[in-house]
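Hi,

Here is the structure I promised to pass on.

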Amino acid sequence: MVLGGGEGDGTGCALNGRDAAMDAALGALYGGPGGGAAGSRKASGERAAGLGGSAPNVARWLGDIRTYFPGSVVQVMQRDAITRLGLSALLLEPEMLEAVEPDVHLVGTLLSLNKAMPETTKETARAVVRKVVEQLEKRLATRTRATLTGALDRSARISRPRHHDIDWDRTIRANLKNYLPEYRTVVPERLIGYGRAARAVKKEVILCIDQSGSMAASVVYASVFGAVLASMRSIATRLVAFDTAVVDLTDQLDDPVDVLFGTQLGGGTDINRALAYCQSKITRPADTVVVLISDLYEGGIRNEMLKRVAAMKSAGVEFVTLLALSDEGAPAYDREHAAALAALGAPAFACTPDLFPEVMAAALEKRPLPVP
């Protein structure tokens, strides 16, 4: 979009009304080094200072961009404002949080500010985080459960299932020879269903999440997926977050908001220490999937980290390495460590939230991962 400025920036077409207001909102953020002053100009013709430190100015600007731009654009502009204009501190004010458009990146910023957040802001922050989490659960939960239930039950079939245990897809395919054209239907002579054993715990999943600052979006998505997996009785789920310390958040998996506020974004990284903890919790290696979500910048003992991965794989553990779990593609990552893990049979790749159920289904069935 090209709007222009005073006198149309040489086009001879001056902006009026809504167009001028949109240009002002854009100019406040992108009008020059550190942003512009809501589209205003100095006498020299250059844009003036940015939004400034005034909370009322920022609140007004947040309202303007929500008026003039769609939600997806608003989220991008908010993200840019936080980084370009240093507005993180203003997010500690409840009035500011109520004005912003919540998204995954805003949640990451709030989590990084968690320890500095005053008590008056914490309830508002939790409400913002919960809104985003509920949106993600609505988008991801049903498909995740369906995909993983199918993977778990693939080999547990019975020929006289109860109605709610019928695998309709396999039943129809097995009875296509009984198709009646005049009735446009299939008469099933043989029913195929899921085994009752599917209700027992069949697999164990350990999500090991790097909570360094660069992994903010991945932490949000992983926490939501952790809660979804924990709701499935056939999967025993453990969630471990780490930087240079390790924290087990498994007992909070019934509420991903509690999980997120139990993390502490930022700090160093000790992958070896985190994997040592995860390894100590494995009781059935052949039925366990370990998912390491990290950019692999290891601050601990590199060789020990690789030895642990090799030991887990040789014991029968399915080991998955995700450089990111987000919609943004592969981040900067340690290529040497990624290559070393690939040599061990644990290729490292970035994964979108929409692909994650397929990755987990492949890991549970011990088939090749759908590496993008």
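Let's start with aspartate 210, which sits opposite phenylalanine 242 in strand 6. (Strands are DSSP E runs of at least two residues and helices are H or I runs of at least four, numbered from the N terminus; two strands pair if DSSP finds at least two bridges between them.) Before you read on: this is a predicted model, where local features need pLDDT of at least 70, side-chain atom pairs count only at pLDDT 80 or more, and totals for chains, interfaces and linings use all residues. Residues are numbered from 1 along each chain as its sequence is written, and side-chain values use heavy atoms, with hydrogens and water left out.

Strand 5 (residues 203–210) runs parallel to strand 6 (residues 235–242), joined by 8 bridges. The chain gets from strand 5 to strand 6 through helix 8, a right-handed β-α-β crossover (with the strands pointing away from the viewer, the path from the first strand over the helix to the second runs clockwise). Strand 5 also has 6 bridges to strand 8 (residues 288–293), again parallel, and there valine 205 partners valine 289.

How many residues of strand 5 are buried? It's 8 of 8, buried being under 20% relative accessible area with a 1.4 Å probe, protein chains only. Lys203, Val205, Leu207 and Ile209 point one way, while Glu204, Ile206, Cys208 and Asp210 point the other.

There's also 1 aromatic pair: phenylalanine 225 and phenylalanine 356, tilted, at 4.5 Å centre to centre and 40° between the planes (ring centres of Phe, Tyr or Trp, its six-membered ring, within 6.5 Å; under 30 degrees is stacked, over 60 edge-to-face, the rest tilted). Phenylalanine 225 is in helix 8 and phenylalanine 356 in helix 13, so the pair ties together parts 131 residues apart in sequence.

Cheers

Methods. Buried means under 20% relative accessible area, exposed over 50%, partly exposed in between (1.4 Å probe, protein chains only).
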